[in-house]
Amino acid sequence: MPQYFLTVPHESAEEPTMESMQDIDPAELQAMMAAVEKFNADLGEAGAFVTAGGLQPPSTAVTVDATGGTPRRTPGPFVEAAEYVGGFWIIQAPDEERALIWAEQASAALGSRIEVRALQENPE
C-alpha cells in the first residue's frame with residue numbers, strides 16, 4: 001500500500017518549541033492535543049498509522065556533508081527558508097484521495113496547513 005508523508009509547516013520566524021507552547025491558552029492547547037490524539041487513534045484503528053513526530057526547530061539542526069574527502073558538520077539547516085517542517089506523519093493509504101482525507105482531518109485537529117507527498121515506491 002502506498003505511503004504518504006504529511007508535514008506540518010511552521011513559519012521560520014516563530015520556531016515554536018515545547019517551551020513556547022506554554023504561552024498558548026491551556027484550554028486551547030488541551031483541546032488541540034486531544035484532537036491530535038484522537039486523529040492518531042483513528043489512524044491506528046484504520047491501519048493507516050506508520051509513524052509520526054514533532055521536530056525541533058531549524059536552529060537546532062546540524063548539516064552533515066561527507067561527499068568530499070573530509071566530512072563537514074555545519075551548524076544550522078541546509079537551506080534558509082521562510083517556512084520549515086515542524087512535524088510529520090507517515091501514513092499508508094490505498095490512494096492519494098484517502099491520504100488527502102486524512103490530511104484534512106490532521107489540518108482540522110492541529111489548526112494548521114498540512115502538505116501531502118507520496119513516498120517513492122521501490123522500482124520494480
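**View 1. K38 and D42 form a salt bridge, with their closest N and O atoms 2.7 Å apart.** A salt bridge here is a side-chain nitrogen of Lys or Arg within 4 Å of a carboxyl oxygen of Asp or Glu. Both K38 and D42 sit in helix α1, four residues apart, which is about one turn of the helix. Helices (H or I, at least four residues) and strands (E, at least two) are DSSP runs, numbered from the N terminus. K38 counts as exposed at 52% relative accessibility, while D42, at 23%, counts as partly exposed. In these legends, buried means under 20% relative accessible area, exposed means over 50%, and partly exposed lies in between (1.4 Å probe, protein chains only).

Before moving on, a word about the model. This is a predicted model, in which local features need pLDDT of at least 70 and side-chain atom pairs count only at pLDDT 80 or more, while totals for chains, interfaces and linings use all residues. Residues are numbered from 1 along each chain as its sequence is written, and side-chain values use heavy atoms, with hydrogens and water left out.

**View 2. Here we stay in helix α1 (residues 26–45) and look at G44.** G44 has a relative accessible area of 44%, so it is partly exposed. Now find E28 as well: 16 residues separate E28 from G44 along the chain, and their C-alpha atoms are 24 Å apart.

**View 3. D65 and R72 form a salt bridge, and their closest N and O atoms are 2.9 Å apart.** Which of the two partners is exposed? R72 is, with a relative accessible area of 52%, whereas D65 is partly exposed at 24%.

**View 4. Strand β3 (residues 62–65) and strand β4 (residues 72–75) run antiparallel and are joined by four bridges.** Two strands count as a pair if DSSP finds at least two bridges between them. You can follow the chain from β3 to β4 through a hairpin of six residues.

**View 5. R113 forms a salt bridge with E83, and the closest N and O atoms are 2.4 Å apart.** What does this pair tie together? R113 lies in the loop between α2 and β6 and E83 lies in strand β5, so the pair links parts that are 30 residues apart in sequence. E83 counts as partly exposed, at 33% relative accessibility. By the salt-bridge rule, the count comes to three.

**View 6. Strand β1 (residues 3–11) pairs with strand β5 (residues 83–92) in the antiparallel sense, over nine bridges.** Look for H10, which stands opposite Y84 in β5. Strand β1 is also joined to strand β6 (residues 115–118) by four bridges, and these two strands run antiparallel. There, L6 has V116 of β6 as its bridge partner. As you trace a strand, remember that in a regular strand the side chains alternate between the two faces of the sheet.

**View 7. D95 lies in the loop between β5 and α2 (96–110).** With a relative accessible area of 38%, D95 is partly exposed.
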